[in-house]
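Let us walk through this model step by step. Keep the sequence and the 3D view side by side as you read.

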Amino acid sequence: METRAQLETRLAERIGQILRDEIERNGKASLLVSGGSTPKRLFEKLSKLSLKWENVTVSLVDDRFVADNHPDQNGTMLKDLLLQQAASKASFIPLISRNDLDSSLKEASAAIKNIALPYTIIILGVGEDGHTASIFPDSEEMEHAVSVDTTETLMITNSRSLPYSRITFTLNALLNSKYIFVHCYGMKKARIIDGARKQIGAMPYPIAAFLNQTKTPIEVYWTE
């Protein structure tokens, strides 16, 4: 079985090649990533990749509504680990930019429209409750976030069991991409992935809405 370091190297190299190819074909590329602890070493590897980062726009699939540079903000980790070294030349669109949640949503929604569609690469994680992005099973907004009729790119969500309001991309928005990678570790996540593949709908594991759709290719990068 691959070590986590080996998997991260393989995934980073695949992401790098896709971004290079996209820039070669279209002059620009986009990379939307998840937060949490899982991608930290992947971000460090990505930051060192040799490619035309000045032609890449980076953003997040979700973020917590906390002050800029707060340690719980995904954008803080992204700036500290990914947007360094070679990748410091990339453009970054934050999801949290104001002291007011609605104003941040409005500003981020406008900025995201500047990214050409379809997005090049989406990297999703998996929570221990089966959530991905900030689409939580205990959220009142979950059904709207994964509905095929949802037209918003970004929306506000809240989990009953976790702190902070969030801004998240919706399912429909994220599926408007060329590649989706699910990146996760450990046997608990393996069981969640396996259970999600067998379920109908987005409950109990919202990640199933991504795994079981046929619109966009999705690859799972997992190891113990």
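Two strands pair if DSSP finds at least two bridges between them. With that rule in hand, look at the sheet in this predicted model. Six strands, written here as 6, form an open sheet. Their order is β4-β2-β1-β5-β8-β9, and the pairing is parallel. The edge strands are β4 (91-93) and β9, and each pairs on one side only. From one strand to the next, the twist averages 20 degrees.

Now zoom in on one pairing. Strand β1 (residues 29-33) runs parallel to strand β2 (residues 56-60), and 5 bridges join them. V33 has L60 in β2 as its bridge partner. Helix α3 (residues 74-82) packs on the sheet and touches β1, β2 and β4. The direction of α3 makes about 140 degrees with that of β2.

Another helix lies across β8 and β9: α7 (residues 187-198). Helix α7 runs at about 135 degrees to β8.

Next come the aromatic rings. A pair of rings is described by the distance of the centres and the angle of the planes. The whole structure holds 3 aromatic pairs. One of them joins Y179 and F181. This pair is tilted, with 6.2 Å from centre to centre and 35 degrees between the planes. Y179 is partly exposed, at 25% relative accessible area. F181 counts as buried, at 0%.

F181 also pairs with Y221, this time edge-to-face: 5.5 Å centre to centre, 75 degrees between the planes. F181 lies in strand β8 (residues 177-185) and Y221 in strand β9 (residues 218-223), so the pair ties together parts 40 residues apart in sequence. Both F181 and Y221 are buried.

How values were computed:
Residues numbered from 1 in each chain as written. Predicted model: local features only at pLDDT ≥ 70, side-chain atom pairs only at ≥ 80, totals over all residues. Heavy atoms only, no water. Phe/Tyr/Trp six-rings, centres within 6.5 Å; stacked < 30°, edge-to-face > 60°. Buried < 20%, exposed > 50% of the residue type's maximum accessible area, 1.4 Å probe, protein only. Helix = DSSP H or I, 4+ residues; strand = E, 2+ residues; numbered from the N terminus. Axes fitted to C-alpha atoms, helices over the stretch in contact; angles between N-to-C directions. Contact = heavy atoms within 4.5 Å.
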